[in-house]
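Please keep the structure open as you read.

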Amino acid sequence: MSRPETTAPPEVFYSETESKKYTSSSRIQHIQAEMTLRALDLLALDPHQHILDIGCGSGLSGEILSQEGGHVWVGMDISPSMLAVALDRDVPGDLLLADMGAGIPFRAGSFDAVISISAIQWLCNADTNTADPKRRLARFFDTLYAALRRGGKVACQFYPRDDRQVEQILGAAKTAGFAGGLVIDDEDKKKNRKYYLILTAGNITTNDINLKGVKIDKQHAARRTSKKNRKEESTKEYINRKKELMRKRGKLVALDSQFTGRKRRPKF
Amino acid sequence: MKLLTANFVQCSVKACSATPKCFPLHFDQQTADVPLELAHEDVDFSPEFIYNILPRIDWPALLITARELGNNMLPETTPEIENPNAPENEQILRDLHTLLLETQIIQGSMRCENCNHIYFIRDSIPNFLLPGHLVQ
């Protein structure tokens with residue numbers, strides 16, 4: 001998978017030619033529409049809401065917001081060329097040229113919901129010598145929290161480079177006061193895996209979010225095996241468990257074979 | 001930019017966001033190279049949306065913005081609407097719809113009262129990118 005984040009800053013990468021290419025590609029249009037619909041599905045919004053689209057680009061996701069439920073939306077993006085394409089396409093929403101890492105320029109309680117499709121992974125990059133991803137993430141989530149009304153919801157689809165980026169983004173969101181977590185679609189297919197960050201501002205019940213069809217990770221759901229259970233395991237199981245643990249920590253571990261965990265014969 | 005959005009945007013400088021002066025942005029100083037230009041753009045009328053958003057509109061700020069844009073006709077207080085589908089309320093909802101959603105600011109400039117930074121609007125897109133010295 002190619003990563004535009006590693007190529008150039010967003011306002012440089014999405015140049016005039018790249019913006020046109022991006023918007024006219026039917027494959028990208030299809031994927032963007034699919035992800036927007038999925039994000040809306042997770043948010044389970046009432047009709048006629050005021051929505052912010054972060055990284056709206058040429059308005060591919062915004063058009064769906066207007067079609068589904070008659071929402072009124074405001075889009076912000078850092079690439080002038082992308083916004084120019086959006087103007088040409090005559091999208092119904094308002095457009096804003098702004099950098100999400102410098103803060104969301106809206107007063108408290110402006111929006112009912114925020115949606116962002118394939119954008120927030122850009123925050124993990126330091127494009128200039130003064131940009132600090134940690135501070136940009138913190139500023140982004142702080143101002144995002146403020147711009148939402150209490151009980152407002154956020155759905156961000158993003159492409160993390162590795163688990164560390166996921167942790168960084170989730171940590172920044174939690175620090176800003178959001179509740180919520182990660183929904184991963186198509187987890188077993190590495191290429192099609194989609195990450196959705198689902199957050200709520202203020203205390204509301206989880207019933208407000210449509211979690212139908214979402215699998216809760218067994219590792220997180222099940223508590224650690226109790227001490228009692230551990231005593232009952234055989235030596236072989238114990239060795240296998242420890243080897244698995246070391247492998248997860250990235251240690252070099254001998255391969256499993258039929259002799260693993262077996263006793264040596266007395267006549268060796 | 002719609003007048004509705006103008007009622008929500010504030011200065012994006014970090015030092016300003018702690019002060020009450022960062023909102024609303026003022027249209028009182030216009031420059032010669034980007035003169036103020038307004039336009040009417042038809043948008044589908046949805047009474048439910050206007051009804052939903054009305055309590056969250058900062059009416060005093062809307063009055064200031066409208067006055068700076070040359071409209072002194074607005075009432076001093078927020079119009080109260082109990083039922084969005086009642087026929088007697090339709091005219092007022094339509095007026096609000098025309099004001100908030102159909103009035104577009106095509107170009108002009110907005111000023112933050114606290115730091116005096118000017119945000120330019122061109123082709124109805126306001127530019128909120130900050131110069132290096134204002135980013136923190």
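Let's begin with a salt bridge: the side chains of Lys2(B) and Asp94(A) meet at 3.9 Å, N to O. Bear in mind that this is a predicted model. The rule finds 2 salt bridges across the interface of chain B and chain A, and 14 residue pairs are in polar contact between these chains, both residues at pLDDT 80 or more.

On the side of chain B that touches chain A, α1 (3-6), α2 (47-53) and β4 (125-126) each supply at least two residues. With 4 residues, α2(B) gives the most. By type, this side of chain B divides into 14 nonpolar, 11 polar and 6 charged residues.

How many residues take part in the contact between the chains? On chain B there are 31, in contact with 28 residues of chain A. The area buried between them is about 2,400 Å², and carbon and sulfur atoms give 60% of that. Phe8(B), Arg56(B) and Ile125(B) supply 26% of the area that chain B buries against chain A, more than any other three residues.

Now to the aromatic rings. Over all chains, the count comes to 9 aromatic pairs. One of them joins Phe158(A) and Tyr195(A): the ring centres are 6.1 Å apart and the planes lie at 50°, so the pair is tilted. This pair links distant parts of the chain, 37 residues apart. Its two members compare as follows.

Finally, Phe13(A), Tyr14(A), Tyr22(A) and Trp122(A) form one aromatic cluster.

Terms used. Residues are numbered from 1 along each chain as its sequence is written. Chains are lettered from A and ligands numbered from 1 in the order in which they are written. This is a predicted model: local features need pLDDT of at least 70, side-chain atom pairs count only at pLDDT 80 or more; totals for chains, interfaces and linings use all residues. Side-chain values use heavy atoms; hydrogens and water are left out. Contact means heavy atoms within 4.5 Å. Buried area is the accessible area (1.4 Å probe) that two parts lose on being put together, summed over both. A salt bridge is a side-chain nitrogen of Lys or Arg within 4 Å of a carboxyl oxygen of Asp or Glu. A polar contact is a pair of N or O atoms within 3.5 Å; within protein, one must be able to donate a hydrogen and the other to accept it, and residues adjacent in sequence count only if both atoms are side-chain atoms. Ala, Val, Leu, Ile, Met, Phe, Trp, Tyr, Cys and Pro count as nonpolar, Asp, Glu, Lys and Arg as charged, and the others, Gly among them, as polar. Rings of Phe, Tyr and Trp (its six-membered ring) pair if their centres lie within 6.5 Å; planes under 30 degrees apart count as stacked, over 60 as edge-to-face and the rest as tilted.
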